[in-house]
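Try each task before you read its solution.

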Amino acid sequence: MEQTGRQLAASLMEIGAVLLRPDQPFTWASGWKSPIYCDNRRILSHPELRTFVASSLAELAQKLYPEAEVVAGVATGAIAHGALAADKMGKPFVYVRPKPKDHGTGSQIEGELKPGAKVVVIEDLISTGMSSLAAVKALKVAGAEVLGMVAIFTYSFDLSKERFEEAGVRLDTVSNYETLVDVAGECGYIPEEAKGVLHQWRANPSEWGK
């Protein structure tokens with residue numbers, strides 16, 4: 001998957017999905033400051049890349065989890081990507097809300113999910129891992145057997161790695177932060193001097209920028 005990861009990283013830069021702003025850092029929902037932002041939602045506006053990502057996710061999921069019976073997307077970012085991957089795999093699709101609805105059926109998992117179903121989870125981006133693992137927990141509570149998670153991109157934080165290990169959930173991604181920075185440097189998308197800032201942030205994201 002290394003070449004696929006590099007191809008995806010280059011494509012994300014081509015469509016302007018990778019934003020670099022060390023002087024005016026982005027603020028995440030967690031409160032962390034970040035000099036870089038990867039907006040995977042832009043993928044959906046580019047048919048060729050959208051198809052490439054769906055095929056890559058489906059190929060990885062099928063290779064790792066041939067026994068998977070259902071594909072589950074994490075709302076909201078991975079609903080479309082998960083549905084597209086499920087279509088290529090010929091599998092049923094459900095998606096997991098951050099929390100149960102406060103109206104109607106009160107469902108947190110949308111779609112038909114039978115107890116005991118073997119599920120592979122699709123995510124768009126992994127940062128701290130909290131929301132992704134919350135979706136896994138909801139699926140398990142609903143009676144599903146979660147085989148693992150496949151995502152488009154991860155920032156590869158030590159914190160998220162530890163959380164996935166503690167939860168006993170395997171995570172595999174099409175591309176990652178290290179690949180993105182390497183490709184960005186090679187093609188001149190980011191200046192050489194910026195790579196130091198990006199590596200410093202990656203090493204201690206919770207304290208960077210304070």
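**Exercise 1: the aromatic rings**

Tryptophan 28 and tryptophan 201 are both buried, where buried means under 20% relative accessible area, exposed over 50% and partly exposed in between, with a 1.4 Å probe and protein chains only. Before going on, note that this is a predicted model, in which local features need pLDDT of at least 70 and side-chain atom pairs count only at pLDDT 80 or more, while totals for chains, interfaces and linings use all residues. Residues are numbered from 1 along each chain as its sequence is written, and side-chain values use heavy atoms, with hydrogens and water left out.

Task: Classify the ring pair of tryptophan 28 and phenylalanine 157, then that of tryptophan 28 and tryptophan 201.

Solution, step by step:

1. Start with the rule: rings of Phe, Tyr and Trp (its six-membered ring) pair if their centres lie within 6.5 Å; planes under 30 degrees apart are stacked, over 60 edge-to-face and the rest tilted. The count by this rule is 12 aromatic pairs.
2. For tryptophan 28 and phenylalanine 157, the centres are 5.9 Å apart and the planes stand at 55°, so this pair is tilted.
3. Now place the two partners, using helices (H or I, at least four residues) and strands (E, at least two) as DSSP runs numbered from the N terminus. Tryptophan 28 is in the loop between β2 (26–27) and β3 (33–34), and phenylalanine 157 is in the loop between β9 (145–154) and α5 (158–167), so the pair links distant parts of the chain, 129 residues apart.
4. Check burial: tryptophan 28 has 12% relative accessibility and counts as buried; phenylalanine 157, at 2%, is buried as well.
5. For tryptophan 28 and tryptophan 201, the distance is 5.7 Å centre to centre with 90° between the planes, and the pair is edge-to-face. Here too distant parts of the chain are linked: tryptophan 201 belongs to helix α7 (residues 192–203), 173 residues from tryptophan 28.
6. Widen the view: one aromatic cluster is formed by Trp28, Trp32, Phe153, Tyr155, Phe157, Tyr177 and Trp201.

**Exercise 2: helix packing**

Task: How does α1 pack with α2, and how with α6?

Solution, step by step:

1. Axes are lines fitted to C-alpha atoms, for helices over the stretch in contact, and angles run from 0 to 180 degrees between N-to-C directions. Helix α1 (residues 2–14) and helix α2 (residues 47–64) pack at about 150°, with axes 11 Å apart.
2. Angles under 35 degrees are roughly parallel, over 145 roughly antiparallel, 65 to 115 roughly perpendicular and the rest oblique; α1 and α2 are therefore roughly antiparallel.
3. Find the touching residues: Thr4, Gln7, Leu8 and Ser11 in α1 meet Leu49, Phe52, Val53 and Ser56 in α2, where contact means heavy atoms within 4.5 Å.
4. Turn to helix α6 (residues 177–186), which packs with α1 at about 60°, the axes being 9 Å apart. That makes α1 oblique to α6.
5. On this side, Gly5, Arg6, Ala9, Ala10 and Met13 in α1 meet Thr179, Leu180, Val183, Ala184 and Glu186 in α6.

**Exercise 3: around α4**

Task: Is leucine 133 buried or exposed, and which residues does threonine 128 contact?

Solution, step by step:

1. Leucine 133 is in helix α4 (residues 130–141) and is buried, at 14% relative accessible area.
2. Beyond neighbours within four places in sequence, leucine 133 contacts Arg163, Phe164, Ala167 and Val169.
3. Threonine 128 lies in the loop between β8 (118–126) and α4. Again leaving aside neighbours within four places, threonine 128 contacts Trp32, Phe157, Ser160 and Arg163.
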